[in-house]
Amino acid sequence: MQVHDAEIIISAVSPKQYPDTGLPEFALAGRSNVGKSSFINKLINRKALARTSSKPGKTQTLNYYLINKMFYFVDVPGYGYAKVSKTERAKWGEMLETYFTTRTTLLHVLLMVDFRHPPTADDIQMKEFIDYYDIPYTVVATKCDKIKRGKWNQHASIIKKAMNLPSMDSLIIFSSETGEGKEKVWKLLEQYL
Ligand code: GDP
């Protein structure tokens with residue numbers, strides 16, 4: 001897809017602020033620093049529409065990006081902040097549960113994990129959560145440029161096994177540096193558009 005138009009719509013603090021246009025949306029979930037902002041920027045060929053290295057403390061905002069006035073990317077706040085308090089984490093969980101269970105325009109979740117390492121307990125929990133609510137998802141393994149090609153199968157198998165993925169089709173190996181996987185991601189999204 002040629003992206004000719006991309007804009008940040010809102011950092012929504014409460015569901016009342018989620019757009020009511022009815023346009024389809026794709027959520028990006030994953031740990032802080034996994035590469036979500038870089039992923040968005042790479043897909044839309046922008047250097048910095050999505051702010052990279054977003055800081056903790058904004059654990060409860062959903063960032064809406066409108067693409068080609070056609071659909072949204074929704075950057076879901078990252079989990080795995082060591083310093084977040086229990087109360088904040090509980091609020092984050094509530095927000096996410098409400099979002100995943102009530103947002104009828106949410107079509108697919110891209111669950112981002114770091115290709116370099118085995119998935120964390122948080123990654124696995126998030127996958128189970130998405131599965132439980134029966135939302136279609138694909139795991140996007142980021143930063144593959146950091147791993148030698150000869151090791152890709154091994155890393156992919158570890159992720160598939162740890163996350164109990166039905167097949168390798170549920171995993172896209174990605175890099176914001178090289179653009180690896182970008183076409184696959186677009187193909188996936190275009191099925192819905
Ligand atoms: P976010 O917190 O999930 O939005 O993560 P960012 O997009 O801000 O990325 C966190 C850090 O990882 C930044 O320093 C990025 O430059 C780096 N990064 C993100 N994606 C990639 C990638 O595919 N390859 C490499 N080598 N670095 C990446």
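This is a predicted model: local features need pLDDT of at least 70, side-chain atom pairs count only at pLDDT 80 or more; totals for chains, interfaces and linings use all residues.
Residues are numbered from 1 along each chain as its sequence is written.

**Figure 1. Overall fold of the protein.** The protein holds 5 helices and 7 strands; helices (H or I, at least four residues) and strands (E, at least two) are DSSP runs, numbered from the N terminus. From the N terminus on, the order of elements is β-β-α-β-β-α-β-α-β-α-β-α. The radius of gyration, taken over C-alpha atoms, is 16 Å, close to the 16 Å that the globule rule gives for 193 residues, so the protein is as compact as a globular protein of that length. That rule is 2.2 Å times the number of residues to the power 0.38. Along the principal axes, the C-alpha trace spans about 45 × 40 × 30 Å. Buried residues (20 or more other C-beta atoms within 10 Å of their own; exposed means 12 or fewer, partly exposed in between, with C-beta atoms placed from the backbone) make up 33% of the 193 residues.

**Figure 2. The open sheet of 7 strands.** The strand order is β1-β3-β4-β2-β5-β6-β7, with mixed pairing; two strands pair if DSSP finds at least two bridges between them. The edge strands, each pairing on one side only, are β1 (6-12) and β7 (171-173). Neighbouring strands are turned by 25° against each other on average, direction ignored; axes are lines fitted to C-alpha atoms, for helices over the stretch in contact, and angles run from 0 to 180 degrees between N-to-C directions.

**Figure 3. Strand β4 and its partners.** In β4 (residues 71-75), 5 of 5 residues are buried. Phe71, Phe73 and Asp75 point one way from the strand, whereas Tyr72 and Val74 point the other way. Strand β3 (residues 62-67) pairs with β4 in the antiparallel sense over 5 bridges, and Leu66 stands opposite Tyr72. These two strands form a hairpin with 3 residues between them, and Asn68 in the turn has a positive phi of about 50°. With β2, strand β4 pairs in the parallel sense over 4 bridges; Ala27 stands opposite Val74.

**Figure 4. Helix α3 on the sheet.** Strands β2 (residues 25-30) and β5 (residues 106-114) run parallel and are joined by 6 bridges, with His108 in β5 as the bridge partner of Phe26. Helix α3 (residues 121-132) packs on the sheet, touching β2, β5 and β6 (137-142), and its direction makes about 165° with that of β5; contact requires C-beta atoms, placed from the backbone, to lie within 7 Å. Asp123, Met126, Lys127 and Ile130 are buried in α3. Seen down the axis, the buried residues fall within an arc of 100° (that of the directions from the helix axis to the C-beta atoms), so they line one face of the helix. The helix is followed by Asp134, whose phi is positive, near 60°.

**Figure 5. Glu183 in helix α5.** Glu183 lies in α5 (residues 182-190). This residue counts as exposed because it has 10 C-beta neighbours inside 10 Å. Glu183 and Ile172 are 11 residues apart in sequence and 10 Å apart in space, C-alpha to C-alpha.

Key
Two residues are in contact if their C-beta atoms, placed from the backbone, lie within 7 Å.
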